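Please keep the sequence and the 3D view open while reading.

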Amino acid sequence: MSADLNKKLKEKYDAIDQDVEAHLEGLLHSKPINYWDYIQTDALLNLQVQRTVFPDEKVFIMYHQISELLFKMILSEIEQVAKSDQISTEVFTDKIMRISRYFDVLTSSFSIMKDGMDIDQYNKFRTTLIPASGFQSAQYRKIEFSSTELINLIDKRFRDTIDRNSSYENAFEHLYWQAAGKDYKTGKKTYTLSAFEDRYKEEFIRFTKFYQYNNLWTKFKALPEASRANKDLVKAMRHYDYTVNIKWVMAHYHTANHYLNIGGQTAEATGGSEWVKYMHPKYQKRIFFPDLWTENEKETWGTDI
């Protein structure tokens, strides 16, 4: 071992009050790493637990597990931007495009679901999933919270009248996805929504308290004027916004329509939501970065695809 490498190792372990020689001795007894150990292949391949005997249910399970892994990758990229005190235009642009590429994969991958499952099998095994719903993806909700300010996630019916300084609790009760499981006239919530809130609401509120001031949109607006005017960065921001809130959502919408609209009759989602109005972007107009779009673009949001 070179003297330089030995010095660097000693500095590393001295910094954490550790004996470098003890760690080097430990290497004598450790096993070499293998691919299957590092990736945890056996554990990963044993996570697909079916509720029915239909083979295509396994496709459904694995597809959603892959999506959750991609969501985790996206959140990791966003976190790096959020926790950076000073970030260059180039790095910001690179991070946004990385996130967009993950969503490009998610968008194109919907063909696995749309064209990769037998309709009869799906409509049989889906009844065993009630009252679970895709809107219960906590990671996707965190992606939304960390991408933009809460006001941009408020149900469009209340967005213009809600107090922008409203409490997190009140804002949470008016988020657009509440419409998937709440009757605003009576205030009654479905079991699907109530169970989701019981599991994640407190965690979401803690999460949003940090990201309300460190989300991608707020971080962008805090950049120097020259950075905010950078064409590559603005293009990347618009690409991300359009990809997440129109292209990916519509790919999901068309897949749901393929399985749930049979013979002109629209079936109810497993979570009981009015999924057409909940999912289609033209109804909710979810826009992460509103100032980067013209009034006409915002008005016609989601109508061109």
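Lys114 counts as partly exposed, because its relative accessibility is 30% (buried means under 20% relative accessible area, exposed over 50%, and partly exposed in between, with a 1.4 Å probe and protein chains only). The side chain of Lys114 meets that of Asp115 in a salt bridge at 3.8 Å, N to O (a side-chain nitrogen of Lys or Arg within 4 Å of a carboxyl oxygen of Asp or Glu), and Asp115 is exposed, with a relative accessible area of 60%. The model is predicted, and local features need pLDDT of at least 70, side-chain atom pairs count only at pLDDT 80 or more, while totals for chains, interfaces and linings use all residues. Residues are numbered from 1 along each chain as its sequence is written, and side-chain values use heavy atoms, with hydrogens and water left out.

**Other salt bridges**

- The structure holds 19 salt bridges, among them the contact between the side chains of Glu173 and Lys182, with an N to O distance of 3.0 Å; both of these residues are buried.
- Glu173 and Lys182 also belong to a network of salt bridges that links them with Glu169, Lys189, Glu197 and Lys201.
- Another salt bridge joins the side chains of Glu203 and Arg199 at 3.9 Å, N to O, and these two residues are separated by about one helical turn because they are four residues apart in helix H12 (helices, H or I of at least four residues, and strands, E of at least two, are DSSP runs numbered from the N terminus).
- An α-helix has 3.6 residues a turn, so residues three or four places apart point the same way.
- Within this pair, Glu203 counts as partly exposed at 24% relative accessibility, whereas Arg199 is exposed, with a relative accessible area of 52%.

**Overall dimensions and content**

- The chain has 18 helices and two strands, and its C-alpha trace spans about 75 × 55 × 35 Å along the principal axes.
- Of the 305 residues of the chain, 45% count as buried.

**Nonpolar surface patch**

- Ile33, Tyr35, Trp36, Tyr38, Ile39, Leu44, Leu45, Leu47 and Leu69 make a nonpolar surface patch of about 1100 Å² (residues with over 30% relative accessible area and no salt bridge, nonpolar side chains being joined within 5 Å).
- Helices H3 (35-39) and H4 (41-45) each supply at least two residues of this patch, and the largest share, four residues, comes from H3.
- Leu69, another member of the patch, lies in helix H5 (residues 56-82) and counts as partly exposed at 47% relative accessibility.

**Cavity and enclosed helix**

- The structure holds one cavity of 30 Å³ or more (a set of points on a 1 Å grid over the protein atoms alone, where a 1.4 Å probe fits but cannot get out, with lining residues having an atom within 4 Å of a point).
- The largest cavity has a volume of about 40 Å³, and the residues that line it are Phe145, Leu150, Tyr168, Phe172, Leu175, Phe204, Ile205 and Thr208.
- Helix H11 (168-172) and helix H12 (191-211) each supply at least two residues of this lining, and H12 gives the most, with three residues.
- By residue class, the lining divides into seven nonpolar, one polar and no charged.
- Phe145, one of the lining residues, is among the buried residues of H9; because 10 of the 10 residues of this helix (residues 138-147) are buried, H9 is largely enclosed by the rest of the structure.

**Loops and backbone geometry**

- A cis peptide bond joins Ile130 and Pro131, with omega at about 10°, and Pro131 is found in the loop between helix H8 (119-125) and H9.
- Gln40 has a positive phi of about 60° although it is not a glycine; Gln40 is found in the loop between H3 and H4, and counts as partly exposed at 47% relative accessibility.
- Lys285, which is likewise not a glycine, has a positive phi of about 50°; Lys285 lies in the loop between H17 and H18 and counts as buried at 13% relative accessibility.
- Phe288 lies in the loop between helix H17 (281-284) and helix H18 (295-299) and is buried, with a relative accessible area of 1%.
- Although Phe288 and Trp217 are 71 residues apart in sequence, their C-alpha atoms are 7.0 Å apart in space.

Key: Patch = residues over 30% accessible without salt bridge, like charges linked within 9 Å, V, L, I, M, F, W, Y side chains within 5 Å. Areas by Shrake-Rupley, 256 points an atom, 1.4 Å probe, with all protein chains shown as cover. 1 Å grid on protein atoms, 1.4 Å probe; cavity = no way out; pocket = protein on both sides within 12 Å on 5 of 7 lines; lining within 4 Å. Points joined across faces, edges and corners; volume = space filled by probe spheres on them. Nonpolar A, V, L, I, M, F, W, Y, C, P; charged D, E, K, R; others polar.
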